[in-house]
Amino acid sequence: MPWLGRRSVAQETAPQSTVPSAAGAPVSGFGPERHGLSVFGDLKYPIDFAHFDYVDPASPTGGTFSQVGPTAAFNQSFQTFNSLNGYILKGDGAQGLDLIFDTLMARAFDEPDAIYGLVAQSVAVSEDGTLYRFRLRPQARFHDGTKLTAEDVAFSLNLLKSKGHPIIAQNLRDMEGAEAEGAEIVTLRFAPRRARDVPLFAASLPIFSKAYYSSTPFDASSLEPPLGSGAYKVGRFEVGRFIEYRRDPDYWAKDLPVNAGVNNFDVLRYEYFRDREVGFEAFKARAYLFRQEFTARTWATGYDFPALNEGRVKREILPDRTPSGAQGWFLNLRRLKFADPRVREALSYAFDFEWTNKNLMYDAYRRTTSFFENSDLKAEGPAGPDEVALIARLGDRLSAEDVAVLKAPPWSPPVSDGSGQDRALRRRGTQLLREAGWTVKNGRLVDPQGEGLTIEFLDDENGLERHTAPFIKNLELLGIAANFRLVDSPQYQRRLNDFDFDATVRRFSLSTVPGESLRNYFGSSAANTPGSNNLSGIADPIVDLLIEEVIAAPTRDQLRTACRVLDRRLRAGRYWVPQWYSAEFRIAFWDEFGWPSAPRPTYARAIPELWSARTRSAG
């Protein structure tokens, strides 16, 4: 789901639809009931659609799909798990827990932000846009056979707002509450000026059993499989090693249009490896069946083994048309040593992307420059007419200096000569540090009080250690004492939750239509919220102002303009040392799967959702 705050593993990678629903009589003060929602109200599929265009409703079912999870949400870790509660701050949640829970609505992969009825068969929106009245399907059931009611939906959303992971609570801050009206109607109340995507976020959150959690504490980390209502149930698992989900043959919603042609595997299994090389060797030995490759060196040199040469393993490159977002070393501005933007910029002059890409990554990547990389939300060149008009409309809330920065070409990281130690860039870095009050004494960079500048690069896996090493070497040439610190996943997550780090790598992938999540990534309100995605601690009132402009944009074109101006301001802050991106998915798989005979969707990898088990090459 694009609204669930997912983060990808670091790579080497208020108007609604106007289509009425036949379900339910009109309610005074509300518009017609509709079968779907999107941010700007545009829906591709009519009320009577039978299935999404990208699925084969006759896809065979059965078999097992196994992988190392490529993304993580909320408290999930890539390296381990110790909890089956993935929606709180405590613990390391297992991958795939969303499989066991249903949501009010389900995402369409060929539209940028549309969702269609799952537990909810329809929704009506009040004339002022503050109330969303969902009508539930009477056949909705939990896995124990009990009826899923409006009370369960209201309980779940209110619980997630009060006790859920901080990212969820932040994104629900403008949901004022949820109330049940009988067994099959639930009404969600939103603040008048809330972000446009908040109702979609709420409709995409898991629905819990109120009865189950009346005797089970929700805010506790637990290994008890929770009661769900989704297409899968928790199966076998070993903590920190693997977890399986088994398809429920009696799943109540298996014949709904949103589920036609998906959920084809009997078993979905997630494997965990603390080391990437060990994980790759396990794939070659068929310990798991599907791999998305994030290491360019492995992709270029490692896929030369008998099973691949004999055709039993296939490789494919798929285009990634979604925003690549922002990947880089995020600097923690809560540490005084990073307070001066000149210091932060100086660090960028020590990272030689051109050398790293050529010598370590086989020229497989492009340089990341924007927080909206690989999308039309990215700012480029001087501000265009629409951007200038937006900047002018902000008036005296911007200083003359702010205006100049927003109109100028956005800051981009330097381009090196590819030598690995570009002396011109080093001189510029030294100059910036000097301007910020740092001097070199006895080969050591010190501030006016004689304190040295040190940087610890924190990580929980060593996949990027060899990329960080030459960066550290160049920092040392500037007089900065830097080191790479590897800790276990629980400690790493705790330190990130508490913002106890100097610098760390993350890749944040934003939605094609960003909204409320921007506050969590870049807003001042999230800067000191434990567990938030605002790793750098950005607390800039101009950024906050521009986030509100994005959220309030009445059209897609105006949203695009506001995002570009926001991108200019964020890049001017030098909050990170940008790394790289690739606009493609590199996948390898044992030749036991196949795509449906339908057009591939634009806005998702859609694996394993659309695949099925059959002895046929994908493609």
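Modeller: Four strands make up an open sheet, ordered β7-β8-β10-β9, with antiparallel pairing. Strands here are DSSP runs (E, at least two residues), helices are runs of H or I with at least four residues, and both are numbered from the N terminus.

Biologist: What leaves one side of β7 and of β9 without a neighbour in the sheet?

Modeller: β7 (120–125) and β9 (175–180) each have a single partner strand, so they stand at the edges. On average, neighbouring strands in this sheet are turned by 20° against each other, direction ignored. By the way, this is a predicted model: local features need pLDDT of at least 70 and side-chain atom pairs pLDDT 80 or more, while totals for chains, interfaces and linings use all residues. Numbering runs from 1 along each chain as its sequence is written, and side-chain values use heavy atoms, without hydrogens or water.

Biologist: How do you know that β9 pairs with β10?

Modeller: Pairing takes at least two DSSP bridges between two strands. β9 and β10 (residues 185–190) are joined by 5, so they pass that definition. Ala180 stands opposite Val186 in β10.

Biologist: What makes α8 and α12 roughly parallel or roughly antiparallel?

Modeller: Their packing angle is about 165°, with the axes 8 Å apart. Angles run from 0 to 180 degrees between N-to-C directions, with axes fitted to C-alpha atoms, for helices over the stretch in contact. Under 35 degrees is roughly parallel, over 145 roughly antiparallel, 65 to 115 roughly perpendicular and the rest oblique. α8 (residues 341–348) and α12 (residues 423–435) are therefore roughly antiparallel.

Biologist: Which residues of α8 and α12 meet?

Modeller: From α8, Arg342, Val343, Glu345 and Ala346 meet Gly429, Leu432, Leu433 and Glu435 of α12. Contact means heavy atoms within 4.5 Å.

Biologist: What makes Arg286 fall in its accessibility class?

Modeller: At 40% relative accessibility, Arg286 counts as partly exposed. Its phi is positive too, near 65°.

Note on methods: Buried means under 20% relative accessible area, exposed over 50%, partly exposed in between (1.4 Å probe, protein chains only).
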